[in-house]
Amino acid sequence: MLKILKGAGGERVFRAATISALVLLAVFFLGIVISMLTYTDWDTFITALFSREILSAIRLSLTTATIAAVISLLIAVPVAYTISRSRFPGKDIVDSLLDLPIVISPVALGAALLVFFNTPLGSAINNNVIRFVFSVPGIVLAQITVISALAVRLLKSTFDGIDPRYAQVARTLGCSQPEAFFRVTLPLARDGLIASAILTWARAIGEFGATVMLAGATAMKTETLPTAIFLSLASADIEKAIAVIFVLVILAVAALLVIRKLIGRRYQI
Amino acid sequence: MIEIKNLSLHLGEFRLKDISLSIKDGEYFVILGPTGAGKTVLMECIAGLHHIRAGEIWLGGTDITRLSPEERGVGYVPQDYVLFPFLNVFDNITFGLKGGKRTGDGVEERVNELAGLTGIAHLLHRDTRSLSGGEKQRVALARALAPSPGILLLDEPLGALDQRTAKYLRLELNRVHRELGLTTIHITHDLTEALGMADRVAVVRNGRVEQVAPPEEMLFYPESEGVADFIGAPNILDCDYCRDLGQGIAEVGCGSLKLTVPHEGGNISKVAILPRHVYISETRPPGLSVNGFQGIITTIEPAVSTVRIRVQVADNNLMVEIPSYMYEEMDLAVNQEVFLILRMRRIRCFSGRS
């Protein structure tokens with residue numbers, strides 16, 4: 001049986017099989033997007049999109065995701081650099097620990113955060129420093145929890161790809177270690193930084209599980225775009241849900257296009 | 001003056017074992033050794049890129065063993081140049097000037113001066129990625145020289161270049177060294193390069209310094225089997241007489257051979273030429289041939305990528321080494337009559353101790 005797959009015939013069969021898989025997947029994604037169009041018409045779509053609730057959700061999502069992405073990157077740059085360049089005992093364990101948030105369900109992360117804020121330390125922070133539970137800072141914190149690990153992962157591979165000799169040469173040219181980092185390593189990491197910023201931002205926009213656990217799903221208060229989809233469907237308002245889905249699709253496509261435009265190539269995750 | 005005292009370092013698969021070297025001010029010092037000998041690691045130690053646990057490095061009377069690279073005032077041109085790809089040529093050169101500033105306080109003049117010295121004045125506003133290997137090397141050199149370092153470290157500066165560019169750049173490096181009088185350490189695995197450029201050569205093998213000597217002495221008196229092995233046994237001829245012909249040339253008599261050789265004064269007692277610097281031909285070369293001789297092939301031994309041919313010329317035995325491909329194109333056999341040319345500029349002379 002497998003003998004027929006030898007030679008040029010085998011190549012054709014293999015090519016046909018792999019290409020069909022590609023086409024199937026593409027058609028599937030395109031199909032689910034197009035299917036939504038059959039559920040709505042232009043006027044209801046526009047009315048839903050410009051309703052006070054959805055506009056406020058868009059605003060809230062954009063603000064929280066931007067803050068979360070900026071904070072995550074500020075933390076992830078030194079963390080990723082350390083993991084990429086330094087050798088210290090237990091590095092593998094720390095490295096794996098930082099991968100956990102990527103594989104753990106966001107709902108579990110959000111629930112864990114909520115539990116943390118019920119411990120004495122957590123509730124002291126919640127009551128005296130910043131109120132996270134069922135509030136907007138909670139959204140930002142939930143997003144940071146989910147996306148910072150992704151930012152570290154993306155930036156680590158960026159730093160891994162930068163030859164340390166650039167910084168070494170900078171040192172021999174009179175740069176201190178911090179100077180060499182800011183004048184050489186960071187500029188070399190530019191593409192990776194841009195891509196990580198956009199990808200983590202996009203991931204923050206789409207964050208739902210952890211957010212809904214920690215910040216809740218109060219309409220007009222802690223209602224981000226994914227939460228808006230959830231609330232709309234829960235109240236059987238399909239048109240509104242579809243409007244929000246399209247907003248998310250457009251934001252995602254825009255993010256990917258910007259990466260391509262700025263970096264001039266597809267960024268490998 | 002650079003002094004390395006009992007430096008030992010263990011770094012991955014590389015090992016430096018108890019290295020002691022003393023390099024004089026203004027000297028062009030070549031570290032010669034096969035790939036993997038630890039030459040680059042040694043240079044990186046001088047540049048301050050490794051933590052040194054055993055041994056000391058002194059530069060001009062100061063112990064720099066524990067100083068960080070930016071405190072050492074060392075100009076470093078790494079292998080493959082490592083130019084900053086996000087900066088153009090001009091900005092690469094100014095990188096090491098105080099705080100990397102681009103204008104004012106004679107920055108422009110300094111860059112022009114360096115560009116003139118290294119022959120890259122026409123490239124200043126080019127993107128470094130569009131430069132050829134030789135051009136990149138010049139830019140890397142200008143960048144390293146910009147902060148006026150106390151010493152210059154060149155790691156295989158000619159290694160990645162094609163032969164013609166390398167030959168030209170070699171002369172340029174010698175000229176730059178002459179003009180600046182800067183103590184220079186140059187790493188190479190190429191014997192001809194080392195012999196042609198160095199004031200003194202250190203042969204490094206397996207992380208150990210095997211011999212430090214001027215090129216001639218290295219060639220005529222290798223101190224260890226390792227050095228002799230690496231140098232590959234040159235043809236050494238004892239001279240009976242030496243007659244100065246003026247213009248830096250002398251005639252020497254070695255048995256029945258009369259040779260014209262480069263002469264820098266003194267009574268030449270021995271001459272040497274590497275087997276690879278002897279031309280062999282089946283037919284008499286046309287034109288006036290300086291140092292041309294006729295001989296008989298006695299043995300032919302194929303080596304890895306070369307063929308070694310022993311030729312009897314009167315009462316002398318000369319070893320000739322040619323690349324295998326060249327051998328295959330020729331039609332050589334034992335007992336055949338052949339013609340040799342000993343390239344005059346490649347002949348090394350030794351006067352003094354015999």
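# A guided tour of chains A and B

Begin by selecting strand β1 (residues 2–11) of chain B together with strand β2 (residues 14–23) of chain B, which pair in the antiparallel sense over seven bridges. Helices (H or I, at least four residues) and strands (E, at least two) are DSSP runs, numbered from the N terminus, and two strands pair if DSSP finds at least two bridges between them. This is a predicted model, in which local features need pLDDT of at least 70 and side-chain atom pairs count only at pLDDT 80 or more, whereas totals for chains, interfaces and linings use all residues. Residues are numbered from 1 along each chain as its sequence is written, while chains are lettered from A and ligands numbered from 1 in the order in which they are written.

**Hairpins of chain B**

Remain on β1(B) and β2(B), which form a hairpin with two residues between them. Within the turn, B:Gly12 has a positive phi of about 55 degrees. Now display B:Ile2, whose bridge partner in β2(B) is B:Ile23.

Next, select strand β13 (residues 249–254) of chain B and strand β14 (residues 257–262) of chain B; six bridges join them, and they run antiparallel. β13(B) and β14(B) likewise form a hairpin with two residues between them. The turn contains B:Gly255, with a positive phi of about 60 degrees. To see one bridge, show B:Glu251 and its partner in β14(B), B:Thr260.

**An open sheet in chain B**

Select β11, β15 and β21 of chain B, three strands that form an open sheet in the order β11-β15-β21 with antiparallel pairing. β11 (235–238) and β21 (348–351) of chain B stand at the edges with a single partner strand each, so one side of each has no neighbour in the sheet. On average, neighbouring strands of this sheet are turned by 25 degrees against each other, direction ignored. Axes are lines fitted to C-alpha atoms, for helices over the stretch in contact, and angles run from 0 to 180 degrees between N-to-C directions.

Four bridges connect β11(B) with strand β15 (residues 268–273) of chain B in the antiparallel sense. Display B:Asn235 to find B:Ile273 of β15(B) standing opposite.

**Domains of chain B**

Colour chain B by its domain assignment: domain 1 (2–231) and domain 2 (237–351). Domain bounds come from an automatic or database domain assignment. The C-alpha centres of these two domains of chain B lie 33 Å apart. Their contact takes five residues from domain 1 of chain B and four residues from domain 2 of chain B; two residues are in contact if their C-beta atoms, placed from the backbone, lie within 7 Å.

Which helix gives the largest share of the side of domain 1 of chain B that touches domain 2 of chain B? Select helix α7 (residues 215–220) of chain B, which supplies four residues. By class, this side of domain 1 of chain B has four nonpolar, no polar and one charged residues. Here Ala, Val, Leu, Ile, Met, Phe, Trp, Tyr, Cys and Pro count as nonpolar, Asp, Glu, Lys and Arg as charged, and the others, Gly among them, as polar.

**From chain B to chain A**

Show both chains: 16 residues of chain B are in contact with 14 residues of chain A. The side of chain B that touches chain A has 11 nonpolar, three polar and two charged residues.

**Helices of chain A**

Chain A is divided into domain 1 (1–38) and domain 2 (45–263), with C-alpha centres 34 Å apart.

Select helix α2 (residues 42–49) of chain A and helix α13 (residues 238–263) of chain A, whose axes come within 8 Å and cross at roughly 75 degrees. α2(A) and α13(A) are therefore roughly perpendicular to each other; angles under 35 degrees count as roughly parallel, over 145 as roughly antiparallel, 65 to 115 as roughly perpendicular and the rest as oblique. A:Thr44, A:Phe45, A:Ala48 and A:Leu49 in α2(A) meet A:Glu239, A:Lys240, A:Ile242 and A:Ala243 in α13(A). The residues of this contact comprise five nonpolar, one polar and two charged.

Finish with helix α5 (residues 106–116) of chain A and helix α7 (residues 136–160) of chain A, whose axes come within 10 Å and cross at roughly 130 degrees. This makes α5(A) oblique to α7(A). Show A:Pro106, A:Leu109, A:Gly110 and A:Leu113 in α5(A), which meet A:Leu141, A:Ala142, A:Thr145 and A:Val146 in α7(A). The contact of α5(A) with α7(A) divides into six nonpolar, two polar and no charged residues.
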